[in-house]
2 protein chains.
Amino acid sequence: MVEKGLKKTNGLGVQVENTKICVVMVGLPARGKSLIAQKVTRYLKWLSIEAKVFNVGTYRRTDTPKPTADFFDTNNPAGEKMRRAAAEAALSDMLKWFRAGEGTIAILDATNSTRVRRRWIYDECTKEGIDTLFVESRCDDERLIMANILEVKTTSPDYQGTDPEAAALDFRNRIRNYEKVYETVDGDGDEKDLTYVKIMNIGAQVIINQIHDYLQSRIVYYLMNLHIKPRSIWLSRHGESMYNLSGQIGGDAELSSRGKQYALKLPELVRQSVGDGRPLTVWTSTLRRAISTGAHLPANYNQLQWKALDELDAGVCDGLTYADIKEKYPEDFAARDEDKYNYRYRGGESYRDVVIRLESIIMELERSEDILIITHQAVLRCIYAYYKEKSQSESPWMAVPLHTLIKLTPKAYGTHEERTAAGIDAVSTWRGKGSVAKHEDPVGEPTF
Amino acid sequence: MVEKGLKKTNGLGVQVENTKICVVMVGLPARGKSLIAQKVTRYLKWLSIEAKVFNVGTYRRTDTPKPTADFFDTNNPAGEKMRRAAAEAALSDMLKWFRAGEGTIAILDATNSTRVRRRWIYDECTKEGIDTLFVESRCDDERLIMANILEVKTTSPDYQGTDPEAAALDFRNRIRNYEKVYETVDGDGDEKDLTYVKIMNIGAQVIINQIHDYLQSRIVYYLMNLHIKPRSIWLSRHGESMYNLSGQIGGDAELSSRGKQYALKLPELVRQSVGDGRPLTVWTSTLRRAISTGAHLPANYNQLQWKALDELDAGVCDGLTYADIKEKYPEDFAARDEDKYNYRYRGGESYRDVVIRLESIIMELERSEDILIITHQAVLRCIYAYYKEKSQSESPWMAVPLHTLIKLTPKAYGTHEERTAAGIDAVSTWRGKGSVAKHEDPVGEPTF
């Protein structure tokens, strides 16, 4: 494709060259701020938008690794001074990162619980041409707060080696010290011109104020769709297809006889993994091999076909083998191996293009509860890369075996994974760099 | 494509079979409620989601065509009774519409300014399994209110034949009567479990409460992105291409010599239409003929390539003429003429598919100010259909001449259109039903 000197667009399909946004988290301890910061960062990086979290607690820990609750009492001038120093260090590093020109979105993860503190951040950013987006997480649901305290007391470096009950008590006292001085964003209206989002009980209520920028609006839409109910996502490639056997790519072939066996086995695999009686929604692509793979699933599973889940479009190479491609289009073959994520087939797509069209799928996954997705190698790699934070250099080369059910369960920090092989043989469709083999075994790093 | 008994998906790519939502507008007169109701309806219908506005004022007018302000005084029992009757008639018709099974989203356009009234609507809907989404439009920007009063006094049937100044005065008194009893949604918290959106000054602040459903979340995202600053959208097809000359469809051909002339002329056409010094952003597809058409535009126009703007993918028919298609795929040729909007080329796309991928473009257009889009016949038809409310049976057959700049300006009710022909000859790429002519002149209804 002709690219007339334009910068590569990211996964939102827009240029963000001149955009610099500091997302300023606001909220008492145990309100899910770090969880939100980490999810937004993962989402943005998946979309090729440079994002980084600056966590003030990490800076504070270099001087004060294990503070007790009274460190956070505003009547403790020594504690106050050190906390201020940590905030200054984090902000200073963030500004350096922006000045270096690589960053688009920084997330300042701290309580930022007073108007004075927020005004200072706003002023420092504005001086350098950085927009601010304040994201306040509020919570009055005691179960959510308790779950968060449980998480912190067992995982926070602040309480490493501390008795969990003592840790929980101390952490509650820390929260109380913050509550004494906490000021909600726009509490008395003098922050009414700030660009901000307030999230109540993660997803229950959202207040959005003065959003003008496109990227800000996308972040806000993502935040709107978050929920924290437990759920899993199951991923499967279609069963082995006739094209898989012949080593052809693309097309709309039907399943091979072994592929049909997998389709017959899938309901059992799913039932074992999901559990009886749990409702499941099934998404497939619009291609025969994916639809046929889901054909024997229980009738009470709602099924839905998405064109966005169709395989990466190989354009003029559709229906060819890799040997054909190397022979007919040697330059393209080499260019693809050189930069597989960005290479766009003539008249077709790149992995980058696939991520753009999967953005709506990811957004819908964030909103949803249990979903089973039956799709294709490249598409599955892109979805997997989102959940498991795989880089663009790595994800297009990952091995995704046929006839295997993958269960992903998002947790507070990271995504838990389980895999179940159906025990039905299938060819390998993995291909190493430079290879034109019809079928070869994955080599190198243990993938997936 | 295999469609295993699944319902057609709409432009959001999801099934909405069992969804029934009543969008209940809330707000004082002159707060843009009808404008919002009409925009949301147009957006949904473009996405193949059945939507209809039920305007209580229209029902009230059958009995009381030209009320004066005192009709709206709550101390006027006769007026109160008739207004209540109008609300009941509108709601009753809405429920009938849902019961008939055709509708997905109804918009109840009225002030619905008291908690009692809203609770009644909520209860009536809940009884019938209809979800409610309350959309409150608030406004304290006097310029916005004045602009709205100006609109009403000159266009409302209530004031037909009334002196404009007298109309404005009466309308202000009507607003005052509503203000006396107005209760904001969740004003004292007993509406906190309702699903609602509050919009302040159209776009400045949005409060979103208890959104669970996917369609609700899409409507809310659309509402979030609305603004009412004046702006225009310019549309142009690429210049005449080599494939246009030979009557081939799809491909990635370069411009013909007349197409190149158009590209050279386009900056002047645009300057005349846009005016000097007004900044413009240019969006093109990723295809050569579109990019080349924008190549001579001023360097200070920001240019952006969207894959979502690429021409409808003709799949196996890419590069063929219509005569070729009729010969090679006679059944497909006939099927496409039968239902052009829904026909999906083998391995390619339908108009419906194009609308799905254009949804993000429309959302971004709603957020944006002045934009020039250089794209392709089918894509332009879909974008045009959104702004001008063209039906699915009509839009795929519209004539969109080459070498013509179209300016669309959204107004409160409808979209104003201007067209400027470049005066450079080009073939016609319009095709009548059943025809295999390489080039023919558009016939029938004056299109566009």
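Modeller: A:Phe171 is buried, with a relative accessible area of 4%. Buried means under 20% relative accessible area (1.4 Å probe, protein chains only). This is a predicted model: local features need pLDDT of at least 70, side-chain atom pairs count only at pLDDT 80 or more, and totals for chains, interfaces and linings use all residues. Residues are numbered from 1 along each chain as its sequence is written, chains are lettered from A and ligands numbered from 1 in the order in which they are written, and side-chain values use heavy atoms, without hydrogens and water.

Biologist: What makes A:Tyr159 buried?

Modeller: Its relative accessible area is 5%. That is under 20%, so the label buried applies.

Biologist: How many aromatic pairs does the structure hold over all chains?

Modeller: The structure holds 21. Rings of Phe, Tyr and Trp (its six-membered ring) pair if their centres lie within 6.5 Å; planes under 30 degrees apart count as stacked, over 60 as edge-to-face, the rest as tilted.

Biologist: Why is the pair of A:Tyr159 and A:Phe171 called edge-to-face?

Modeller: The centres are 6.2 Å apart and the planes 85°. The distance is within 6.5 Å and the angle over 60, so the pair is edge-to-face.

Biologist: Why is the pair of B:Tyr43 and B:Tyr222 called stacked?

Modeller: The values are 4.1 Å centre to centre and 10° between the planes. The angle is under 30, so this pair is stacked. Both B:Tyr43 and B:Tyr222 are buried.

Conventions: Buried < 20%, exposed > 50% of the residue type's maximum accessible area, 1.4 Å probe, protein only.
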